[in-house]
Amino acid sequence: MDKTHTQNHTHTQTHTRIQTVLISGASVAGPALAYWLHRHGFSPTIIERAPQLRDGGYAVDFRGEALDILDRMGLLQQVEALDTEMGDAAMVDADGRQYATLPAAIFAGDLEVLKGDLTRMLHEATRENVEYVFGDSIAGLHQDEDGVLVTFEHGAPRRFDLVVGADGLHSRTRALAFGPEEQYVRHLGIYTAIFNLDNYLGLQNTGHLYAAPGKAANVFTARRNTEARAAFHFAADHLEYDRRDPAAHKRIIADRFAGEGWEVPRLLKEMDAAQEFFFDANAQVEMDTWSAGRVVLLGDAGYCAGPTSGRGTSQALIGAYFLAGELAARGGDHTAAFAAYEELMRPYVAEHQALGREGAERFFLPAPTQEILDMLAANAPENTRTEPVRLPDYTPASAA
Ligand SMILES: Cc1cc2nc3c(=O)[nH]c(=O)nc-3n(C[C@H](O)[C@H](O)[C@H](O)COP(=O)(O)OP(=O)(O)OC[C@H]3O[C@@H](n4cnc5c(N)ncnc54)[C@H](O)[C@@H]3O)c2cc1C
């Protein structure tokens with residue numbers, strides 16, 4: 001299904017060379033890019049490996065300029081309505097006794113929402129104007145002078161003017177266009193599992209956290225306290241396991257957390273039964289360049305800063321804004337646009353990757369004192385504001 005586009009924007013009249021853009025990944029970066037590409041007059045198609053939108057998931061937060069982007073997309077109010085409204089959390093010992101308060105500033109950013117809620121909202125904001133293909137993946141990329149011939153795992157081959165990899169830390173697009181992920185993915189020494197469960201502890205807009213040397217477990221409420229999310233984190237160097245085998249991931253967690261106190265035995269049982277379950281290494285993506293010919297990377301696929309940076313969602317939104325805006329501003333000259341996108345994003349990414357590494361180093365604090373937690377809150381990313389990102393005005397005619 002091809003969308004027909006009316007070329008009624010001032011700057012779309014000039015970019016005759018680039019029109020169709022295939023985006024791999026329908027999470028945060030992909031739909032945000034599609035939104036802006038459409039507004040600038042391009043024809044985006046999104047392909048997503050999952051059979052449907054992923055629901056629920058962990059909470060992600062927005063910082064600084066990402067809120068401006070949401071505002072420019074007309075989505076800020078909707079996102080604010082989804083705010084988890086998380087308050088301070090409690091550090092608890094093996095017997096469940098609270099020994100310190102964890103200020104929300106450390107973990108909830110300027111605005112925090114469930115990732116699945118954000119993805120659903122971005123999908124709703126784009127689905128009228130963007131072609132979505134679920135349950136498929138790029139299988140091969142063949143570039144020539146005029147475009148990219150893309151083959152798929154299931155669908156028939158198609159040609160596009162450009163291909164964008166917004167397919168996350170383990171990006172298939174990156175592997176096909178740049179090489180295997182071992183060359184680019186840097187492990188931060190932490191593994192994380194997250195899953196959905198009932199709010200059986202009866203928490204109200206808060207979380208309980210348990211810490212042991214090199215390990216942490218926590219439960220936070222979600223969706224106005226009607227649900228909860230639990231997480232297990234542990235320190236480890238690179239582990240070998242099948243990334244597509246959740247049963248194996250659950251066994252790894254069960255082994256690591258056997259014999260721990262607090263609610264851990266119950267949480268391990270809840271994890272076994274959980275339908276929505278996430279497990280991965282905390283990692284960063286480091287690349288010298290984010291484009292290869294007509295293929296470019298966006299969000300975690302190109303420059304993941306790691307969960308401990310608290311900036312991944314913001315990077316995805318800001319990168320999407322720059323990439324689409326530069327393509328429009330440069331009349332569809334993709335080489336110039338990719339270079340400008342990279343120049344705008346690099347300093348921001350470097351800063352957030354540094355934050356991600358620092359966050360990973362101090363992640364496991366067994367039984368931290370209140371003084372340490374207050375000090376961390378005072379130095380939380382939104383309090384120690386990074387360099388502001390200058391957002392050029394790419395306003396398309398249709399948005400005026
Ligand atoms: C545990 C955890 C906690 C986090 N907390 C925060 C936080 O508090 N604040 C914050 O800002 N960020 C946080 N992040 C980071 C944030 O989730 C990411 O930076 C952000 O989601 C990046 O968005 P993305 O669209 O680039 O990639 P992703 O969200 O990873 O999306 C990639 C998409 O591509 C799809 N895909 C994968 N392979 C293929 C394929 N071959 N073909 C087609 N589609 C494919 C996936 O299914 C997925 O939909 C956290 C991350 C984790 C893991």
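Trainee: What should I know before I start?

Mentor: This is a predicted model, so local features need pLDDT of at least 70 and side-chain atom pairs count only at pLDDT 80 or more, while totals for chains, interfaces and linings use all residues. Residues are numbered from 1 along each chain as its sequence is written, and side-chain values use heavy atoms, with hydrogens and water left out.

Trainee: How many helices and strands does the chain have?

Mentor: Helices (H or I, at least four residues) and strands (E, at least two) are DSSP runs, numbered from the N terminus. Here you get 11 helices and 18 strands.

Trainee: What does the radius of gyration say about the chain?

Mentor: It is taken over C-alpha atoms, and the globule rule is 2.2 Å times the number of residues to the power 0.38. For 400 residues, a compact globule would come out near 21 Å, and the chain's 21 Å agrees with that. The C-alpha trace spans about 65 × 40 × 35 Å along its principal axes.

Trainee: And what share of the residues is buried?

Mentor: Buried means under 20% relative accessible area, exposed over 50%, and partly exposed in between (1.4 Å probe, protein chains only). Of the 400 residues in this chain, 55% count as buried.

Trainee: How do I read contacts along the sequence?

Mentor: Contact means heavy atoms within 4.5 Å. Take the contacts between residues at least 6 apart in sequence: 72% of them join residues at least 24 apart.

Trainee: Is Glu65 buried or exposed?

Mentor: Glu65 is buried, because its relative accessible area is 12%. You'll find Glu65 in helix H2 (residues 65-72). Leaving aside neighbours within four places in sequence, Glu65 is in contact with Ile318, Tyr348, Pro388, Val389 and Leu391.

Trainee: Which other residues of H2 are buried, and what covers them?

Mentor: Along with Glu65, the buried ones in H2 are Ala66, Leu67, Ile69 and Leu70. Their cover includes helix H1 (29-39), strand E3 (59-62) and helix H9 (312-329). Just after H2, Gly74 takes a positive phi of about 75°.

Trainee: How do I tell which side of a helix faces inward?

Mentor: An α-helix has 3.6 residues a turn, so residues three or four places apart point the same way. Now try helix H11 (residues 370-378), where Leu373, Leu376 and Ala377 are buried. They cover an arc of only 100° around the axis, so they sit on the same side of H11; the arc is that of the directions from the helix axis to the C-beta atoms. These buried residues pack against strand E4 (89-92) and strand E5 (98-102).
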